[in-house]
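Me: I have just opened this one and would like a walk through it. Could you take me from one spot to the next?

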Amino acid sequence: MGRRRGSELYRAPFPLYALQVDPSAGLLIAAGGGGAAKTGIKNGVHFLQLEQINGRLSASLLHSHDTETRATMNLALAGNILAAGQDAHCQLLRFQIRQQKSKNKAGKAGSKEQGPRQRKGAAPAEKSGAETHQEEIEFSVENLQAVQTDFSTDPLQKVVCFNNDSTLLATGGTDGYVRVWKVPTLEKVLEFKAHEGEIEDLALGPDGKLVTVGWDLKASVWQKDQLVTQLHWQENGPTFSNTPYRYQACRFGQVPDQPAGLRLFTVQIPHKRLRQPPPCYLTAWDGSTFLPLRTKSCGHEVISCLSVSESGTFLGLGTVTGSVAIYIAFSLQGVFLYGCCCCCVSGLSL
C-alpha cells in the first residue's frame with residue numbers, strides 16, 4: 001500500500017478537531033479552534049458545500065458559525081442537529097438551508113457592479129438587460145440546549161454520539177462516566193461509571209448496546225448500565241507480554257448485503273510511546289456475540305481516529321502524523337494511504 005499525496009480540499013483558519021459529512025445535503029462540517037486562550041485563533045464550525053466539478057471534488061464555504069471562546073473538539077450529526085463537544089459541555093446546534101431563486105436585471109455591458117454569485121455551471125446572460133435567475137443560499141444556525149457532560153478536576157467531553165433513531169445522545173469524558181441524554185431537551189436519562197480514567201471512545205449500536213473504550217486498557221459492552229462483556233482481542237491475535245495495548249477507537253458498521261448484519265471495529269495502540277514503536281492493530285468483531293473475527297496490523301504510525309463508511313464497505317484510519325488510510329471492512333486489507341499536510345488527524349468522516 002503506497003503512500004499518495006492527497007489534494008487539498010479546504011484549509012480552515014483554525015486547528016481542525018472534528019469532521020462530519022452529510023451525504024444527503026452534500027455538506028462537509030468542519031469544527032475546531034484555538035480555545036479560550038487569547039491567541040487570535042478563532043473558534044468555529046464551518047459548513048462547506050461539496051460538489052463534483054470536472055470529476056474532482058470541490059468544497060466551498062457556505063457558512064461560518066462563531067463559537068466564541070469555545071473550541072469544538074468532537075461532533076455528532078443527526079439530520080440537521082449537531083452535538084458539539086466544547087470543553088466540559090455539549091452544545092446542540094440546529095442548522096437550516098434554504099435555496100431561494102431571485103430575478104435580477106443584468107447590468108449594462110461593461111458595468112463593474114456585481115450581483116450575488118451564481119451557482120457553478122449557471123449559464124451567463126446572453127444579452128445586456130436580460131433577466132437572470134440566480135440561486136441564493138440562506139444558511140442559519142441556532143443554539144438549542146447546552147449541558148455539562150464531564151465533572152472531573154480538569155473536565156473535558158472527549159466523545160459524543162447519537163443512537164440509531166437520534167432520540168438519545170451519549171457522551172463520555174475524562175471522568176470515566178457515560179451519560180445518556182434525551183434529544184433535544186438534553187434531559188439526563190442514564191449515568192454510570194464505565195472506566196477508571198478517561199473514556200477514549202464510545203459507540204451506540206442499533207439494538208441499544210453501548211461499547212466504550214478507555215485509558216484503563218478495557219473495552220466494555222453495556223446494556224444500559226449493566227456490563228454485558230469485555231472485549232479480548234489478544235486471545236486470538238498477537239500477544240506482547242511486555243507491551244500493554246489500549247483500545248483507541250470503536251465503531252459499529254453494517255455488513256454489506258446483510259440488512260440485519262452488524263460488525264464492530266476497534267483500533268488497538270501501544271499504551272506507551274516507545275522509541276521503536278510496535279505496530280497498531282485493527283480488529284473486526286461479530287456485532288452480536290462480540291467475538292473477534294480477525295485482527296490485522298495497520299502500521300507503526302499511532303492511530304488517532306476511526307471511521308466506517310455508511311455502507312459498511314470501507315474503514316478510514318487517521319494517524320497522529322497526519323496520514324489517512326483506507327481499508328476494506330470485510331478483509332481488513334489496506335487500499336490507500338494518503339499523506340496529509342497536518343500534524344495530526346483528529347476527526348475523520350467517510
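**A histidine and its surroundings**

Reply: Let us begin with a single residue in this predicted model: the side chain of His-46 makes a polar contact with the side chain of Tyr-10, at 2.6 Å.

Me: And where is His-46, buried or exposed?

Reply: His-46 is buried, with a relative accessible area of 5%, and the residue lies in strand E4.

Me: What share of the contacts between residues at least 6 apart joins residues at least 24 apart?

Reply: Among the contacts between residues at least 6 apart in sequence, 47% join residues at least 24 apart.

Me: Now rings, how many aromatic pairs are there in the whole structure?

Reply: A search of the whole structure finds seven aromatic pairs. One of them is formed by Phe-47 and Phe-95, a tilted pair with 5.3 Å from centre to centre and 50° between the planes. Phe-47 lies in strand E4 (residues 43–53) and Phe-95 in strand E8 (residues 89–105), so this pair ties together parts of the chain that are 48 residues apart in sequence.

Me: Which other ring does Phe-95 pair with?

Reply: Phe-95 also forms an aromatic pair with Phe-139, and that pair is stacked, with 6.0 Å between the centres and 10° between the planes. This again links distant parts of the chain, with Phe-95 in strand E8 and Phe-139 in strand E9 (residues 131–148), 44 residues apart. Phe-47 and Phe-95 are both buried, Phe-139 is buried too, and the three residues form one aromatic cluster.

Me: Which charged residues sit over rings?

Reply: Among them is Arg-246, whose charged end sits over the ring of Trp-215, 4.1 Å from its centre. Arg-294 lies over the face of Phe-330, at 5.1 Å from the ring centre.

Me: Switching to the backbone, which peptide bond is cis?

Reply: The peptide bond from Val-183 to Pro-184 is cis, with omega near 10°, and Pro-184 is found in the loop between strand E12 (177–182) and strand E13 (188–193).

Me: Last topic, what is the phi of Asp-87?

Reply: Phi of Asp-87 is near 60°, a positive value in a residue other than glycine. Asp-87 lies in the loop between strand E7 (81–86) and E8, and it is partly exposed, with a relative accessible area of 37%.

Me: And Leu-332, buried or exposed?

Reply: Leu-332 is buried, with a relative accessible area of 2%. Although Leu-332 is not a glycine, it has a positive phi of about 60°, and its place is in the loop between strand E24 (324–328) and strand E25 (334–339).

Terms used: Residues numbered from 1 in each chain as written. Predicted model: local features only at pLDDT ≥ 70, side-chain atom pairs only at ≥ 80, totals over all residues. Heavy atoms only, no water. Contact = heavy atoms within 4.5 Å. Phe/Tyr/Trp six-rings, centres within 6.5 Å; stacked < 30°, edge-to-face > 60°. Helix = DSSP H or I, 4+ residues; strand = E, 2+ residues; numbered from the N terminus. Buried < 20%, exposed > 50% of the residue type's maximum accessible area, 1.4 Å probe, protein only. Lys NZ or Arg CZ within 6 Å of the ring centre and 35° of its normal. Polar contact = N/O pair within 3.5 Å; in protein donor to acceptor, adjacent residues only side chain to side chain.
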